Amino acid sequence: MTTPSRTHSWQKLTAHRQQLFSSGTTIADLFTGDAARFRRFSVNTGEILLDYSKNLITDETTRLLLALADEAGLQDAITAMFRADVINTTEQRPALHVALRTLLPEARLNVGEEVQATLDKMEGFVEEVQKGRWKGYTGKPISTVINIGIGGSDLGPAMVTAALVNWHVPQLHCHFVSNVDPVHMRETLATADPQTTLFIIASKSFNTLETHQNAALARRWYLDNGGDVALIARHFVAVTANVRKAQAFGIDAANIFPMWDWVGGRYSLWSAIGLPIALAVGMPKFRELLHGARLVDEHFRDTPFERNIPVIMGLLAVWHSGFCGASSQAILPYSQSLNLFPAFLQQLEMESLGKSVEIDGSPVRTATGPIVWGSAGTNGQHSFHQLLHQGTHLIPADFIGIVRSVYGQDHDQHTHLLANCFSQSQALMQGKSEEEACRELLAQGRDETFARALAKHKVIPGNKPSNTLLLRELSAQNLGSLIAIYEHKVYVESVIWNINAFDQWGVELGKQLGEKLYEALTATTASERFDASTNGLINHCRKRD
């Protein structure tokens, strides 16, 4: 793949964008001129509907975007991923998260038996804990599970566990600790009993700073509160690639679950990293989650691009950032259960797409990953939606709605939730003109001079793009499908931009500097080895320690 901006399709899209915008055409105009627009610009897979009709695109836009996908070699790139080719080029690895939930007979790396063995091991462990046969050091069954991890070892499992709260088993309470700030761990431990608490240490290296510090604190708490050092293995298990270090910590080799180099952290919730999910909701629900992802894997691999949800969403993201000037993406799940979904997508998208060089190391010539942010509706309507509607930034939004609530008795209230979801996307598209605002004020009996002055402040430009994803219900299967849609969308974007979605070297720099700064903060002499600002901050803290 060559630099995307040098392709014929990119040049044609640039000219098309200029023509479309200079014509003054709005999204609302496109609906006025096409009664079948929703039908033609929406697609289903399984129990999920994508409506992408509220974007400033025409048939010509989609034709050119699909041509860009072809010129970028997207189909070959998809085949390469499912075939286990080395697509993480800087680390010389395949990216085989799809193998955690989908059989890949065509793959050059056969990992199916390893994956199945891990799932079987998880199932046996989950059954032992849930049925109360896994005892703590005093013989009491486990009732509290605390997952210690960070990044992909925390965000995915925490998000899914929260989203599936209605299926939690009553005998276990699951918590997640990630922040190295001791407040996070101490506040979590405040309501825990060391006799009945199980810790999952999730770290590929078993040496990640935040996870290592929190695991050490948890171990001290266990021992300081009557825990038996000889029975640490009853209270600590690990998900790691570093078996030796986990054993040195006191964890039995039988209770160490594998992590593999061919699965990136932000794509790992489908692996043993999902152990806290399985403990919270049971292994059958965890397998439903995998099944939902598998359905989307097959959809992504086998469906023509014009009906392929991840491809469509990825191409729209490229359209908005590469041609329309958007640098931000709002994720707006109208479901409290999906409250952590925007934070999960922040890592998935921004760690994957936050790159400034192409595959060959040359500087990128286009904008790459957008800033991803958001929150659960309807809270956002009373905070940042003001900026979406009347601010000066172009911010595409993804609305995520659930058609049927798990609480059927609250049907009317859930209908209000859906009405808010749909009204927000409609308002972003439609807006309100100065004349409309003025007529409303006059109809309210306002003086005409006052009405015309105030109307200027009530103008909402509209013509703001959005997608709406509707899930029939928030089940484990549909959640798995939703996550996989975004995983594959990110891959589509990376292929078009010709960047590596599976490394994260920027994260490493902070880790390296952090070690040196820790040494300076704990030194007995004033710091002089860094820049003046960093030295000043270190010395300020040392004086007040």
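**Ground rules.** I number residues from 1 along each chain as its sequence is written, and my side-chain values use heavy atoms, with hydrogens and water left out. As the model is predicted, local features need pLDDT of at least 70 and side-chain atom pairs count only at pLDDT 80 or more, while totals for chains, interfaces and linings use all residues.

**Entry 1: the largest pocket.** I looked up pockets on a 1 Å grid over the protein atoms alone. A pocket is an open set of points where a 1.4 Å probe fits, with protein on both sides within 12 Å along at least five of seven lines; lining residues have an atom within 4 Å of a point. Volume is the space filled by probe spheres set on the points, which are joined across faces, edges and corners. The largest pocket holds about 1400 Å³. It has 43 lining residues, and Ser205, Thr208, Leu209, Glu508 and Lys511 are the closest to its centre.

Which helix gives the most to this lining? I found that H20 does, with eight residues. Helices H9 (209-224) and H14 (341-353) each supply at least two. Helices are DSSP runs of H or I with at least four residues, strands are runs of E with at least two, and both are numbered from the N terminus. By type, I noted 14 nonpolar, 18 polar and 11 charged residues in the lining. Here Ala, Val, Leu, Ile, Met, Phe, Trp, Tyr, Cys and Pro are nonpolar, Asp, Glu, Lys and Arg are charged, and the others, Gly among them, are polar.

**Entry 2: Trp505.** I stayed with H20, which covers residues 505-521 and includes Trp505. Is Trp505 buried or partly exposed? It is partly exposed, because its relative accessibility is 48%. Buried means under 20% relative accessible area, exposed means over 50%, and partly exposed lies in between (1.4 Å probe, protein chains only). Leaving out residues up to four places away in sequence, Trp505 touches Thr90 and Glu91; contact means heavy atoms within 4.5 Å. The Trp505 and Thr90 side chains make a polar contact at 3.1 Å. That term needs a pair of N or O atoms within 3.5 Å; within protein, one must be able to donate a hydrogen and the other to accept it, and residues adjacent in sequence count only if both atoms are side-chain atoms.

**Entry 3: salt bridges.** I counted 29 in the structure. Each is a side-chain nitrogen of Lys or Arg within 4 Å of a carboxyl oxygen of Asp or Glu. Asp85 pairs with Arg83, with the closest N and O atoms 2.5 Å apart. Asp85 is buried at 12%, whereas Arg83 is partly exposed at 26%. Arg452 and Glu435 form another, at 3.4 Å. Arg452 sits in H18 (residues 448-455) and Glu435 in H17 (residues 434-443), so this pair ties together parts 17 residues apart in sequence. I also found a network of salt bridges linking Asp34, Arg40 and Asp59.

**Entry 4: Ser5.** Ser5 is in the segment before helix H1 (8-22). It is buried, with 15% relative accessible area. Beyond four places in sequence, its contacts are Trp10, Gln11, Arg365 and Thr366.

**Entry 5: the second largest pocket.** Its volume is about 610 Å³. I listed 23 lining residues, with Ser335, Gln336, Ser405, His414 and Leu417 nearest the centre. H16 gives the most, five residues.
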